[in-house]
Amino acid sequence: MPDLGHVPPGWTPPAGRDDFSRRVERVVDETERQQLLSAIRQRHAVRQYTNQPIPEDIRAQLRYAVTTANNASGLAIQVFFDEPDGFSGLMAHYGRFRGVVNYLAMVGTTGTAWDQACGYWGQHIVLLAQTLGLNSCWVGQTYSKSKNQAVVTTDERLRVVVALGYGTVPGKPHKPKPLDKLGEVAGGGPWPSWFRDGVEAASLAPSGLNRQGYTFILDGDQISTRTNPGSYAAIDLGIAKYHFELGAGPTGWHWA
Ligand SMILES: Cc1cc2nc3c(=O)[nH]c(=O)nc-3n(C[C@H](O)[C@H](O)[C@H](O)COP(=O)(O)O)c2cc1C
């Protein structure tokens, strides 16, 4: 049976669920923040995996993270282990994916806020996976949507998936956009060091086709964002916001 991190029947998202970016209790702890910042630097897209199974204790931690993410966001993320069908077929083959048998199915209702939540909470799980020694790759196109085992209700949609496992290689860094394309200070003032750290962490975030089509704008102690259009723009932004929060640290600023 697949492992479902599904929201139980009758459960309704807590008020303010669209405030996907409120900080996760886990992230505030400084030791853990540093571990996740290391994970940000170590993580690269990995598309080929060995057949080494994920041990039970790591599966349990991933299931827990999925449940935490679903409860906080109202998403219906599901995690599958030892399930080869989701990456069988031509799309995965042409996408050069090999040996993927573990994955997250990012399921939710549609809309920009939900897409951002999908990116934000998906990256929460991706970075945890990296700290546990796993590799990953977000995948919007090159997987088998028809054979995917995700349970999707009529008002939900399988938006993207994330491959997980032990990579044959650790991957390599993508070419990040220059920091001054990803961040700006309103009125053109100097960048505080925490803002630079936040933008730098965001520059290491994965994005569809490595577009990184977002800008973080500092005005006083508020951060707003701007995005370029694109089908993954909101998911990419959610991922980058998770990185930004880790890089900038928990105090001295807030989202606009
Ligand atoms: C929303 C999203 C969708 C993606 N879709 C695909 C995909 O369909 N196929 C693929 O091979 N990689 C896909 N990627 C992975 C990106 O190509 C990759 O993250 C980007 O090139 C940056 O590289 P990095 O992850 O190593 O930092 C996707 C990434 C994101 C965030």
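Colleague: How are the residues numbered, and what should I know about the pLDDT cut-offs?

Modeller: Residues are numbered from 1 along each chain, as its sequence is written. This is a predicted model, in which local features need pLDDT of at least 70 and side-chain atom pairs count only at pLDDT 80 or more, while totals for chains, interfaces and linings use all residues.

Colleague: How many helices and strands does the chain have?

Modeller: The secondary structure comes to eight helices and eight strands, where helices (H or I, at least four residues) and strands (E, at least two) are DSSP runs numbered from the N terminus.

Colleague: What share of the chain is buried?

Modeller: Of the 256 residues in the chain, 41% are buried. A residue is called buried if 20 or more other C-beta atoms lie within 10 Å of its own, exposed if 12 or fewer, and partly exposed in between, with C-beta atoms placed from the backbone.

Colleague: Turning to the ligand, which residues come nearest?

Modeller: There are 22 residues around the ligand, and the nearest are Ala 45, Trp 138, Gly 140, Gln 141 and Pro 206; a residue is near a molecule or strand if its C-beta atom, placed from the backbone, lies within 6 Å of it. Two or more residues of the shell are given by each of strand 3 (135–139) and helix 8 (233–248).

Colleague: And what kinds of residue make up that shell?

Modeller: The shell divides into 10 nonpolar, 10 polar and two charged residues. Here Ala, Val, Leu, Ile, Met, Phe, Trp, Tyr, Cys and Pro count as nonpolar, Asp, Glu, Lys and Arg as charged, and the others, Gly among them, as polar.

Colleague: Why is the ligand said to lie between the domains?

Modeller: Because domain 1 (25–165) and domain 2 (179–255) both give residues to the shell around the ligand, it lies between them; the domain bounds come from an automatic or database domain assignment.

Colleague: Back to helix 8, then: how does helix 7 cross it?

Modeller: The axes of helix 7 (residues 193–203) and helix 8 come within 7 Å and cross at roughly 145 degrees, the axes being lines fitted to C-alpha atoms, for helices over the stretch in contact, with angles that run from 0 to 180 degrees between N-to-C directions. Residues making this contact include Trp 194 and Phe 195 of helix 7 and His 243 and Phe 244 of helix 8, where two residues are in contact if their C-beta atoms, placed from the backbone, lie within 7 Å. The residues of the contact divide into eight nonpolar, three polar and two charged.

Colleague: Is Asp 236 buried or exposed?

Modeller: Asp 236, which has its place in helix 8, counts as buried because it has 27 C-beta neighbours inside 10 Å. Leaving aside residues up to four places away in sequence, Asp 236 touches Gly 119, Ser 207, Gly 208, Arg 211, Gly 213 and Tyr 214.

Colleague: What about Leu 209, where does it lie?

Modeller: Leu 209 lies in the loop between helix 7 and strand 6, and its phi is near 55 degrees, a positive value in a residue other than glycine. With 12 C-beta neighbours inside 10 Å, Leu 209 counts as exposed.

Colleague: And is Gln 212 buried or exposed?

Modeller: Gln 212 lies in the loop between helix 7 and strand 6, and Gln 212 is buried, with 24 other C-beta atoms within 10 Å. The phi of Gln 212 is near 50 degrees, a positive value in a residue other than glycine.
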